[in-house]
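This report covers charged contacts, a metal site and a helix.

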Amino acid sequence: MSRLRSAVQNGRRAGLEMAATPKRKKSKTVVKDEETTDASSRSSYHTFSEAADVVGFRTQLLNWYDKEKRELPWRTMAITESDVNIRIYAVWVSEIMLQQTQVVTVINYYNKWMKKWPTVQKLAAATLEEVNQMWAGLGYYSRGRRLHEGAQKVVSELKGRMPRTVDGLLKQLPGVGRYTAAAVGSIALEQVTGAVDGNVIRVLCRVRAIGADSTSPTVTEALWSLANMLVDPERPGDFNQAMMELGAQVCTPRAPSCGQCPVQSHCRSYHKVHVKQEQNSQKLLGKPDRKTPVLNDIEDCMDSGTCLLCPSEPWDDGLGVQNFPRKPAKKPRRVERMLSCVVARSGENGDQYLLVQRPNKGLLAGLWEFPSILLREENYSAKHKTTLCDGINQIMATHLTESLLQYVGEVHHIFSHITQSSVVYSVRLKEGDTQARMENAQWLSKSALQEAAMSTGQKKIFKLYDSVDNPKEKGDKGGKKLKQAGMKSNKKLQTSNKHKGSAANSGSRQRSLNAFFRTVKEEN
Ligand code: SF4
Ligand code: ZN
């Protein structure tokens with residue numbers, strides 16, 4: 001079947017699927033309108049009812065992609081790797097890494113990962129500790145864990161054979177959802193399916209002026225139907241990557257470059273902006289409010305008012321095409337306050353630092369951190385030094401006193417749903433005081449610490465400590481600057497001198513060992 005013919009047929013088939021509008025109650029007036037209006041013209045506002053438009057959209061998008069796409073290692077792998085098992089594995093790794101993380105950040109991690117574990121078998125043979133170490137700094141640590149679990153499952157249950165269908169990927173790999181399965185299936189296996197990620201949501205909502213809450217089930221299903229309708233059956237992987245590339249490079253969240261957009265002629269929101277501009281300029285010139293003939297027929301959805309895909313909020317001229325998509329207001333981030341202590345001792349080859357390992361399940365599973373305590377709101381003014389001494393004494397079987405603890409500063413770290421502020425102290429232990437009595441504690445040198453499986457928040461803590469502890473190494477100004485930068489990032493969370501004083505003078509609180517290791521929920 002020729003590409004054009006199959007594309008047209010696919011467009012028609014998908015167009016019919018989309019013609020079915022969601023069931024809802026209508027007022028009598030609306031029902032009457034429906035009887036007298038062509039149903040296809042009404043539904044076409046949020047979809048593509050003409051096969052020629054579908055073909056045009058695909059062609060324009062893919063022509064642009066062929067010229068403008070970025071060369072990325074996983075794209076090269078998807079094209080050049082002839083071993084299908086490795087190809088699926090390579091695309092799966094890239095898709096998991098790209099979730100919530102920008103392309104530029106992922107490239108280095110991806111190259112290192114594929115060099116160390118070029119096959120699913122090699123990854124399955126790695127330890128979780130190695131995986132965490134490799135993932136350190138990339139955030140959302142459960143992703144690395146899931147890849148590792150998935151690789152072990154493929155080796156132990158699927159005889160090392162990666163699933164070969166979208167459905168198989170979805171059902172058999174942990175951490176693989178609808179989008180990831182579709183992306184891997186289309187890119188690595190050329191399976192004909194759309195793939196809807198955040199970039200594609202934005203592009204499709206703008207192209208078809210879908211302004212209802214983009215996280216609602218109705219909009220989600222409409223977007224998947226649109227994506228399945230538009231995907232090029234001859235080049236599904238390229239088409240999906242082109243949609244994502246368009247969202248990342250042209251149809252960006254805050255500065256869309258409509259002037260350079262290959263699918264501008266199909267874009268409802270772009271046309272809507274022009275209609276509004278035309279109307280406004282006519283008003284300014286005092287001309288009667290006549291309709292703009294060319295744009296009138298696509299200006300609005302004919303179901304507007306009852307349509308489940310139209311925006312519920314009024315159009316905002318200042319936003320232009322950014323009126324789409326609409327998301328529900330974000331919940332404010334939870335504020336968390338931590339106490340952390342960098343515990344140092346002298347080693348043969350320089351200083352060493354005490355790290356404790358988080359449990360192997362749950363958030364930040366298996367990662368290493370400085371002894372830390374999560375403060376509940378009612379304990380914000382608890383005596384920091386006493387609390388930390390209690391905790392360290394439990395780990396080390398020492399008898400530290402408060403006077404040995406030095407205040408270092410504060411570190412602020414923003415996670416997806418948490419704003420975390422860590423008040424950092426340090427203490428240097430004497431010889432003989434340094435035998436940890438817990439299995440999940442270890443001493444690491446400064447260089448080993450840089451390589452350890454630690455979260456970015458913990459690395460920030462060490463950076464602050466290091467800049468204050470070694471001001472000559474960094475320069476006095478550098479140390480001060482860093483300390484201030486941490487303090488500046490969230491004024492509300494700063495520890496004022498007054499607060500520090502009150503913290504040091506308020507009542508003490510004995511903590512259990514579990515409480516000592518209870519840390520923030522991070523990056524998930
Ligand atoms: Fe996005 Fe503008 Fe292109 Fe429409 S014309 S898809 S809003 S970049
Ligand atoms: Zn509508």
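## Salt bridges

Glutamate 245 and arginine 70 form a salt bridge, their closest N and O atoms lying 3.0 Å apart (a side-chain nitrogen of Lys or Arg within 4 Å of a carboxyl oxygen of Asp or Glu). The pair links distant parts of the chain, with glutamate 245 in helix α15 (residues 236–249) and arginine 70 in the loop between α4 and α5 (73–80), 175 residues apart. Helices here are DSSP runs of H or I with at least four residues, and strands are runs of E with at least two, numbered from the N terminus. Glutamate 245 is buried at 1% relative accessible area, whereas arginine 70 is partly exposed at 26% (buried is under 20%, exposed over 50%, partly exposed in between; 1.4 Å probe, protein chains only).

The structure holds 13 salt bridges.

## Model and conventions

This is a predicted model, in which local features need pLDDT of at least 70 and side-chain atom pairs pLDDT 80 or more, while totals for chains, interfaces and linings use all residues. Residues are numbered from 1 along each chain as written, chains are lettered from A and ligands numbered from 1 in written order, and side-chain values use heavy atoms, without hydrogens and water.

## Zinc site

His46 (NE2), Cys301 (SG), Cys307 (SG) and Cys310 (SG) coordinate the zinc ion (ligand 2) at 2.1 to 2.4 Å. Donors are N, O and S atoms within 2.8 Å of the metal (3.2 Å for Na, K and Ca); water is not among the atoms, so sites may look incomplete. The donor residues follow the spacing H-x254-C-x5-C-x2-C. Histidine 46 is buried at 5% relative accessibility, and cysteine 310 is buried at 10%.
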